[in-house]
Structure formats: structure tokens, C-alpha cells
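Open the model in your viewer and keep the selection tool ready. The tour goes from stop to stop, with a selection at each.

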Amino acid sequence: MDPFTIHSTPSCSSSGPSCADITAGFIRQHPYISILSSFAIICLLTTVWSTRSFNAPRNNKSKITQPPTIPYMIPGLYHGFGFLINGLAKFFTIILREYGERTPFLVRPGPMKFAIVTDAAHIRTVFQAKQMSIRQLHAQIFGKLFGAPKSALEVYTKDASHLPEEQRIEYAHISLPRRYFTGPHLNTLSERYLADLRHNLAAVHFKEGNWVAIEDMFSYFQRIITRTMIDVIFGTKFLQLYPRTIADFWEFDRNLDTFSAGTPRFMASAAYETRDRLLKNFVEWEDLMLKADGVLDDEADWNEWGLKFIRARQKAFLSMEGMNAEARASENLGILQGSNSNLLPSVFWTVFEVLRKPSLKTKVTKEIKQHLASNSNTIDISKLGTIPLLQSLHSEVLRLRLATATARTVEQTDVQLDDQYKLTKGTTAFVFSRPLALNHALWSQARPLTVSKPLKDFWAERFLTADGRFSVEGISGCWVPFGGGTHICPGRHFAKNVALSTLALLLGENEVELVDWSVLDEVLPEEEGLAMGFIRPKVDVPVRLRKRKGFIQ
Ligand code: HEM
């Protein structure tokens, strides 16, 4: 065949069928084309319309309305697709990166309505509003993330005000942690942590006089500190029975987004199997505890089955209708996650920042030496937590290296955010710690001294006042790593004690050095917009440790 011959193709000519006829015939033969093109047109129009309404200036300023909804493509589904494919953390990260400057606004993954607030006054309102609660969110979290059975979810949402206090979920979630993570209980708990950490460090490999190389400080901390936290909270029996828990927990934690997006089991079977194993172990462990004579009523702050706090919770759950063994196991998985997930990076970055700045290391070591317990060369944890420099160091780590999210849902009447916007029933407001932590205008207005160094940089002294005191006065609205209001993290004092006593133990009882200074520039990723989670070191940080003879002199 002549390669240059132009072959005839169906064309629109005056003699043959018209263009419209050909198109109509084609569409009749392929009806899905018309459905797809109608859908594309609807999406296009919806995008144009929703973008215009999001950007439109507010004409009627006297009318209080809901915040605008960020642009979307598909009516009814709104932003549901992005939510499903990305999971909660990535979804919010993308949204904050794009619209973070324009809050408050609404995001709507399908039937849910989320409000994003970053203004300090709005956040105060959200934390304090009586009409907002955490109930709906808890039902979601325990159902989706921690695998609670459907039959238990009502416990989180139904009104239990007619029941005795001990049979309400708030008793286990608010009253008990407040009681057992403060005052004398906090001291016992923190001492226990320090003793167990010392024991676990010694058990690994430390001998006086020998340098021990650690290839990656982050995974080393993951193993040793998670072990210590589990020994303290759930007792030493737990890891004896289920030694795989540490690895399983971090595998579970890595997959939180999979669970929050509601990914079906067949698409993430390994993640679900890991969670099943953790839950099964908690069920079995509790069963053994309940069979052990007198353990549940033991008044000691700690025994080999864990903290009194855990036993008191188990007892409370046993009296609540719907909280069966599986539901109690998900609650324990929640405690395992809540007590380790953010804690680990906070300890890692605290130690890392001190090790990489020799002048800070010298100052911190001097403070630790000055605050040893009287008459002995051991660490006095309650004193440690009052040293201004260490308090500031810890707060700065939480400000810059963690990204926490807190949420509350409007239960009944509207909540007025300001003279323009309100949140209506069913809206869940999200507060993210990180956009606030990096908001220069807010910090400089609240306390100008805090921005003497750029907020994107780590500055251990940021929270010190001109006369050297530690204070969050004026800046508490921009620093919310622990959430706020009634549900503010009850473990925050313990978290501080853990981070600072780990640092003091490492520096005081050991010599610790970074091995490879050349990796320092590569450790920190650019994670400005991260909405939830923590800044993970990009490369391994090798260190070496040598046990001192006694405590540092
Ligand atoms: C640096 C470490 C930690 C951070 C950044 C952190 C952060 C948070 C945040 C943001 C919340 C939600 C607060 C709210 O809704 O307003 C929370 C709740 C909670 N945290 Fe922590 N947390 C840490 C360590 C711990 C530890 C060590 C424990 C216990 C041993 C703990 C126990 C809890 C509990 C039980 C809740 C639930 C409170 C409730 O629902 O009322 N946390 N935490």
C-alpha cells in the first residue's frame, strides 16, 4: 500500500451525515461517554462555583454564618475522596498547606463536617465551649483506630448522666487520669520510670568503661523507652508474656492513617493482623490479671500487672454496660498509643538537640549536677522538672518537633466563634498545634522576646522570660501540644518527667556522644506544613555511650 495515500475517515460534509448525527450515534453506541462527560461538566461547574463562593467577600457582615467551605469537585461527596485515599494526617497536611492562612473554614469529607480553626481566640472558644464535646470523636477513634466492637461505641456517645459517676466513661477518661497522673502518684510513677529505665539500660549492654555504639538513636529509644513505658504502665508481666508488643505497637502506629481512613481489611491485611494481635494480647492479659488473686483491688501504685491507674480503669469499665473484654482491650491499646506515640519523638529530639549543641550540653549538664537529690548522687525528678532551662527545652521540642491535633464536636446549640462565624450542630472543630507554633505574628504580639530567634529554628531558651524564669504566660494560646480544656492531656506532667529524666540519666550516668557530625544537616526534613504526627529524623543518628563510675561529678 502506498504509504502516502490519505485514507478516508468519517467526516462532516454537506453530502454525508452531519457532525451532530455522528456524535449522537457514537454516544448511543457508548452511553457511558455521555455519563462521564455529564459528570465532568458537573465537577467543573461545582469546582468553579465552590471556589468562587470560598473566595467571595462577605457582603452581609451583620449576619453570623458558618465558615466558608474550601473548594470541592463532587457535590455530596465534597472532600471525601481525598480523605479516603490520604487518611486523616496526610489529608489535613495537604489542606493546611493550601488554605492554612485562611481559617476558619469548613472541610467536608462526605457526610462529616470539619471546621479548621487556627486563630488563638477561636481555639480558646473551642476548648471552653460547653456545647462541644469529644464523645462523637471518641466513638470514631475507638471504633476505627483501636478496633472497639460496634456494640461498645454507644458507651462513648450516649448520655449517662443518670448513672453513678464511676459508671460513666468520663470517670475513666478524665477523673482517673487526673487523680493518678498528679501529686504523690505522679512522683511514684516518675520514680518507677527512672528505675525501670536504668534497669533496662543496664540489661541491654552497658558496662563501666566500655564505649557502646548505637547505630540509630531513634530506633534504640523506640525499643528501650517503649519497653520501659510498658513495664511501668502495664507492668513487667506484659512483655514477659508478649515480647513482640514493642515491634507490633510501632507497626500499628505507622498504620494509623490506614485505620483512620477506614481502609478495608483485604487492602491492609498485615496492619489489621498486627492490631488484632495487640488486642488479643490485651484481652488475654486482662483475663490473667482478673484471675490473679486480689490484684484488681491492690492499692499499691504499681505492681507487676501495672499501675493502679490501669487497675482502677479496668474496674470502672467492668461496671459499664457494653464495655466487654474486646472494648476494654481497645481502651488499653488507646493508652499504649497515647502514652508512647508522641512521647518517643519528644525524648529523641530533646536528647538530640542537647547532643548537637556543645554549649547547650554544658549548660544542661551543669543544671543536672546542681539538682541532684540531696545526700545522694541520684536524680530528683520533681526538682528536675522545675529547672527553667529544662522546662523551656522540653516545651521548645514539643513546639517545633511535634504536630498534635485536638478535636471537639458541637453537640447541641450553635457555638459562636466571633462576630462573623458560628459552628453548627454536628460540626467537628480541629485545632492543630503546628500552624500556631509557627505563627510569628501571634507569638511576637503575645511575648516579643519569644521571637528573638525565628520560630522555624530550634531555640532551647525560647520559653524563658527576661529574668530567666520559665513561663507560658501570654503564649499559652499559641502553644497547645497537649490540647486544652477539660480533656487536656492528663499525662503531660509525666511526659515532661520522662523526657527530662531520660536526658538526665543519659548525661548524668553515662557519657554520650554523637558519632557522625556530618549527618546533622541531613537529619531534619522540611516538614513545615505537617498537620499531625511528629518530625521523624530523615537519617540514622549514630551515638556512643559509656557508663560512668557513679554519677557525673
Ligand atoms: C509528649 C507527649 C504527649 C503529648 C504531646 C500528648 C498529647 C495529647 C493530646 C493532644 C491529647 C488530646 C487532648 C485534648 O483533647 O485536648 C492527649 C490526650 C491524652 N493523653 Fe497525652 N500526650 C503525651 C503523653 C502522654 C502520656 C505519657 C500519657 C499517659 C501516660 C498520656 C495520656 C493521655 C490520655 C489518657 C489522654 C486522653 C484524655 C481525654 O480523653 O480526656 N499522654 N494527649
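Two strands pair if DSSP finds at least two bridges between them. Helices (H or I, at least four residues) and strands (E, at least two) are DSSP runs, numbered from the N terminus. This is a predicted model: local features need pLDDT of at least 70, side-chain atom pairs count only at pLDDT 80 or more, and totals for chains, interfaces and linings use all residues. Residues are numbered from 1 along each chain as its sequence is written.

**Stop 1: the three-stranded sheet**

Select β4 and strand β14 (residues 543-547). They run antiparallel, joined by four bridges. Find Val212; opposite stands Leu545 in β14. The three strands form an open antiparallel sheet in the order β4-β14-β12. β4 (211-214) and β12 (510-514) are the edges; each has a single partner strand, so one side of each has no neighbour in the sheet. On average, neighbouring strands here are turned by 20 degrees against each other, direction ignored. Such angles use axes that are lines fitted to C-alpha atoms, for helices over the stretch in contact, and run from 0 to 180 degrees between N-to-C directions.

**Stop 2: the five-stranded sheet**

Next, select β1, β2, β11, β8 and β3. In that order they form an open sheet with mixed pairing. β1 (105-107) and β3 (132-133) stand at the edges, each with a single partner strand, so one side of each is left open in the sheet. Zoom in on β8 (residues 405-410) and β11 (residues 427-432): they pair in the antiparallel sense over five bridges. Ala405 faces Phe432 in β11. Then show helix α5 (residues 135-145). It lies across β3, β8 and β11, at about 125 degrees to β8.

**Stop 3**

The shell holds 23 residues; the closest are Ser339, Gly483, His487, Cys489 and Gly491. α7 (169-180), α15 (325-340), α16 (343-356) and α22 (492-509) each give two or more residues. Which helix gives the largest share? α7 does, with three residues.

**Stop 3: Cys489**

Click on Cys489, in the loop between α21 (440-446) and α22. An unreviewed UniProt entry lists Cys489 under "binding site"; such annotations may be inferred rather than shown by experiment.

Key: Near = placed C-beta within 6 Å. Contact = placed C-beta atoms within 7 Å.
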